[in-house]
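Please keep the sequence and the 3D view open beside it.

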Amino acid sequence: MLKTFRIGGVHPPENKLSSSEKIQILPVPEQVIIPLGQHIGAPATPIVQKGDYVKAGQLIATATGFVSANIHSSVSGTIVAIDNFTDAAGLSKPAITIKVEGDEWEKNITRSEKTDHNITLSKEKIIEAISAAGIVGMGGATFPTQVKLSPPPGNKAEILIINGVECEPYLTADHRIMLEKAEEIIVGVQILMKAIDVKQAVIGIENNKRDAIEKLQSLATKTLGVEVCPLKVRYPQGGEKQLIKAITGRSVPSGALPIAVGAVVQNVGTALAVYEAVMQNKPLVERVVTITGKSVKHPGNYLCRIGTPISKLIEAAGGLPEDTTKIIGGGPMMGRAMVNPESPILKGTSGILIINDKEGARKQSRNCIRCSKCVSACPMGLEPYLLMTLATHNMLEDMEKEKVMDCIECGSCSFTCPADRPLLDYIRLGKARTGAMIRNRKK
Amino acid sequence: MNKLLISPSPHVHSGDSIEKNMYGVLIALIPAFLCSIFFFGTGALIVTLTSVLACLLFEYLIQKFLLKQQPTILDGSALITGVLLAFNVPSNLPVWIIIIGALVAIGIGKMSFGGLGCNIFNPALVGRVFLLISFPVQMTTWPLPAGFSNSYLDAQTGATPLAIMKEALKSGRSVSEVLSSDTLISFRDMLIGNTGGSLGEVAAIALLIGFAFMLFRKIITWHIPVAIFATVFVFTGILHICNPEHFAGPLFHLLTGGMMLGAIFMATDYVTSPMSTKGMVIYGIGIGIITVVIRTFGAYPEGMSFAILIMNAFTPLINRYCKPQRFA
C-alpha cells in the first residue's frame, strides 16, 4: 500500500505529455525583462542604473525586508530600462529590462557539469549563501527559501520533506530534473539538512514517476538520512499540508505552519537551486520550464533564463497552436491564465500550458443538486457548496466559522462539480474578504 | 489566433455532469424494471410509461408557462421522479390516479420549491404518500405476480408479505406459524420479486444489482443504504430475540416492502439527503428506526416512505450540525 493523504482529493487525467522529453537549453533571447517582484513579499530595490553593463549572475536588485529576495541578472548586456512592464495578468509591475550582449558570466560562478559532494560551509553560511542567491520556492509559491530555513524561536525542525510530487497534470519539469540532475538534488538535500540541522530527509514522489523514484532511491541508499517515499497518485498531494500528512501522518493544525509539526518542506527544484547556490556560487537566474498542451506540436522541457519572454518558449515548442484559448502559467488545476504572452518567465514558473478550445470553455453553471461530491473531494475537509453560498451572501463571520481560511485553493471542488458551479471562484473571493475582516479585527 | 480567455483556476473539469449521474441512476433501475415487467406484465409498462410522461409534461409546462424558465426536462431528474413514483405504486393503478400523483410529485414536491436542487422532500415520495392517503383502497390493492397473464386493470390481487404478517400477528398467530403456513411468503420469492407489492419494490436482487452499479460508477456512496440496512437488521434482530413469536426477524424486514427500493434509490436522492458522511449515517439510522417502529408498532404495515420523508425534514438540521471531518 502506497502512502497518501487521508481525506478528499481527486485524480485528474495526468496528461504528462512531455515526461520523456530531455531538458533542452532555450537560446538566450535578445532582451530579457526581469521583474523586481518574483516572490511573495515586497519587490526588491534596484541597485543598477539605466545604461549600466551587467554580467550574468550579477546582483541587480536587493531584497527589501524579511520576506523578500535578491534579484540577479540572467544575461550579460546593457540595462535599457528600469520601468514598469505589463505582467502576465495584464497589471503594471516594476522590472529591469536588459538588452543582451554576448554571454559573459560573473567570474566566481562555477558552471561545470561535475557534481561537487563536499559540503564545507557552516549552517549560518549556507543560509547566507541561499539568501544571497535570491532563492525562492520553485514549486510556484515563491516564498523566500531562507525564511523557511529559519524557524521562529521555540520551534525545532525534525524532518526535511522534499516535494517531488508534481501532482499538477501536464507538468514534468520536476520529473525531468529528478532524472537528469539527481546527484545535484541529493547534495542539495544534504545542504538543506545541514541548514536546518535535521538527521532525516524524505523525498516524496508520486508513483507515476517510477524512473525518478528508482534513480533517486539508488542514490539515497548511499546517503545517510535521505530516503525516497513513493506516493499514490492523487491531487493535491503536492500541497504542503497534504504532503506532510502523506509522509509523516502528522496533521498541521489550522492556521499553523509546517514547522508546528516539526517539518520543513522544500521543492526538488529548490533543492537543485540550493546546490547551485552553495556549491557553485550560482544565483537563481535560470530554471527548467515545461511547455505543454494537447495541441502543442513539440511539448518539452527547457532550461530558460529568468526574464525570457514566454513567447520565445512557445516558439521553441512549435509555435502557438491555432485552436489556443488559454495560456496558463503553471498547471491546469492551480495555474493562472495569462493575457500577455510577451511577459517573462519568472523564478516560480514551473510550466506553460496551452489549452485548446475543447478543454478551455467553461460550461454554464447550474443549480446545486447537493450531491456532496465537492465535500468528498475537498482535501481540507471543508464544505465548498456551503462556502460558495455564504460567499454569495457575503456572510463573512459564518465563512470564518466554516474554516474558509483553511482553503488551499486547489480547485478539486470546481473540478468535480457535476453542475459546473464555479465553487472556487466564489470561495476565493469570500476567503479574501474574510481574511481582510480578520486582519482589521486585530488592529 | 482566437482571443485569449481569462478565468480563475481550475482550468480543467472532470467531465462529470448532472445528466451523467441522473441517467446513471436510471440505468441502475433497469434490472428492477425488467423484473417488474416479468412479474406484473402490461400493468407495469403502462403505469411506468404514464408516470414518466406525466412527470416530464408537468415539469415542462410549469417551467415554460408558470416559471418562464428554459425547460430542463432532459436533465433526467424528472425522468427519475417518474420512474420512482411508478415503482412505488401497484401495477394496476388507474391512469388518472397516476397523473394526479405525478402532478403532486412534480408540482408540489419539486417545482414549488424552485425546481431541481431546491426541494426539501423527495418528490416521488411526496406524490406516493399523497396518493396513499387520498386513494387508500387503490393504493393497497396489489396484483399478484402472474406475468403477462395479468391484464392491466383486471388482475388477480392479494396482500403483500408485510400486510399478511401484520394481519396475522394482530389476530394472534405467531411469526413461525405464518412463515410456515402462508404460501405467499417465501424468502426465495421475495429475493427475486415473485410476491405482491408495488411494482418496482419487489425484486431485492435486482435492486441490489442497481446499488452495486451506482457504487461502481461513484454516483452514490454506501453510507446511507448500509446505515439503513444495519439499523433495521439490529433493531428487528433485538425485537426478534426478545420475542420471536411476535416480531418477524431481520431478513424478513430487509426483503419486504419498500426497504430495498427506499434505502437504495429514494433515501439516497442527492437533493434531500445530508452532505457529510457522518450526516448520511445519522440520516440512515433515523430512517431505519422510524421504519421499524411504524412497521411493528404503527397502523400501517409499511413505513419506509414516511420514514424517508420525516428524515428529509431533518436533513437541513443534520447538515448544520454534522460537519465533515476537517483536515486538522
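## Ground rules

Helices (H or I, at least four residues) and strands (E, at least two) are DSSP runs, numbered from the N terminus. This is a predicted model; local features need pLDDT of at least 70, side-chain atom pairs count only at pLDDT 80 or more, and totals for chains, interfaces and linings use all residues. Residues are numbered from 1 along each chain as its sequence is written, while chains are lettered from A and ligands numbered from 1 in the order in which they are written.

## Domains of chain A

Chain A is assigned domain 1 (23-109 + 283-358), domain 2 (123-280) and domain 3 (373-442). Such bounds come from an automatic or database domain assignment. Between domain 1 and domain 2 of chain A, the C-alpha centres are 23 Å apart. Their contact draws on 31 residues of domain 1 of chain A and 26 residues of domain 2 of chain A. Two residues are in contact if their C-beta atoms, placed from the backbone, lie within 7 Å.

Which elements give two or more residues to the side of domain 1 of chain A that touches domain 2 of chain A? They are strand S6 (71-72), strand S13 (286-292) and strand S17 (351-356) of chain A. S13(A) gives the most to this side, with five residues. By class, the side of domain 1 of chain A has 15 nonpolar, 14 polar and two charged residues. Ala, Val, Leu, Ile, Met, Phe, Trp, Tyr, Cys and Pro count as nonpolar, Asp, Glu, Lys and Arg as charged, and the others, Gly among them, as polar.

## Where chain A meets chain B

The contact between the chains takes 50 residues from chain A and 31 residues from chain B. On the side of chain A, at least two residues each come from strand S15 (324-329), strand S16 (336-337), helix H9 (357-360), helix H13 (412-416) and helix H14 (423-442). S15(A) gives the most, with five residues. The side of chain A that touches chain B divides into 24 nonpolar, 12 polar and 14 charged residues.

## Helix H14 of chain A

H14(A) has 20 residues, which should span 28 Å at 1.5 Å a residue; its end C-alpha atoms are 29 Å apart, which agrees. The expected span is 1.5 Å times one less than the number of residues. Buried here are A:Leu423, A:Leu424, A:Ile427, A:Gly430, A:Lys431 and A:Thr434. They cover an arc of only 125° around the axis, which puts them on the same side of H14(A). That arc is taken from the directions from the helix axis to the C-beta atoms. An α-helix has 3.6 residues a turn, so residues three or four places apart point the same way.

A residue is buried if 20 or more other C-beta atoms lie within 10 Å of its own, exposed if 12 or fewer, and partly exposed in between, with C-beta atoms placed from the backbone. The face of H14(A) turned away from the buried side carries the exposed residues A:Ala432, A:Ala436, A:Arg439 and A:Asn440. The cover over the buried residues of H14(A) includes helix H10 (373-377), helix H11 (384-392), helix H12 (396-401) and H13 of chain A.

## Helix H11 of chain B

H11(B) covers residues 223-242. The helix reaches 28 Å from its first C-alpha to its last, close to the 28 Å expected. Its buried residues include B:His223, B:Ile224, B:Phe229 and B:Phe235. Among the elements covering the buried residues of H11(B) are helix H10 (204-216) and helix H14 (277-297) of chain B.

## Strand S14 of chain A

Strand S14 (residues 300-305) of chain A is mostly covered, with five of its six residues buried. Strand S1 (residues 23-25) of chain A runs parallel to S14(A), joined by three bridges. One partner pair there is A:Gln24 and A:Tyr302. S13(A) pairs with S14(A) in the antiparallel sense over six bridges. A:Glu286 has A:Arg305 as its bridge partner in S14(A). Strands pair if DSSP finds at least two bridges between them.

## Backbone exceptions

Most residues other than glycine have a negative phi, and most peptide bonds are trans. A cis bond joins A:Tyr235 and A:Pro236, with omega about -5°. A:Pro236 lies in the loop between strand S11 (226-231) and helix H6 (240-248) of chain A. The bond from B:Ser9 to B:Pro10 is also cis, with omega near -5°. B:Pro10 sits in the segment before helix H1 (18-40) of chain B.

A:Asn281 is not a glycine, yet has a positive phi of about 65°. A:Asn281 lies in the loop between helix H7 (268-280) and S13 of chain A. Is A:Asn394 buried or exposed? With 12 C-beta neighbours inside 10 Å, A:Asn394 counts as exposed. A:Asn394 has a positive phi of about 55°.
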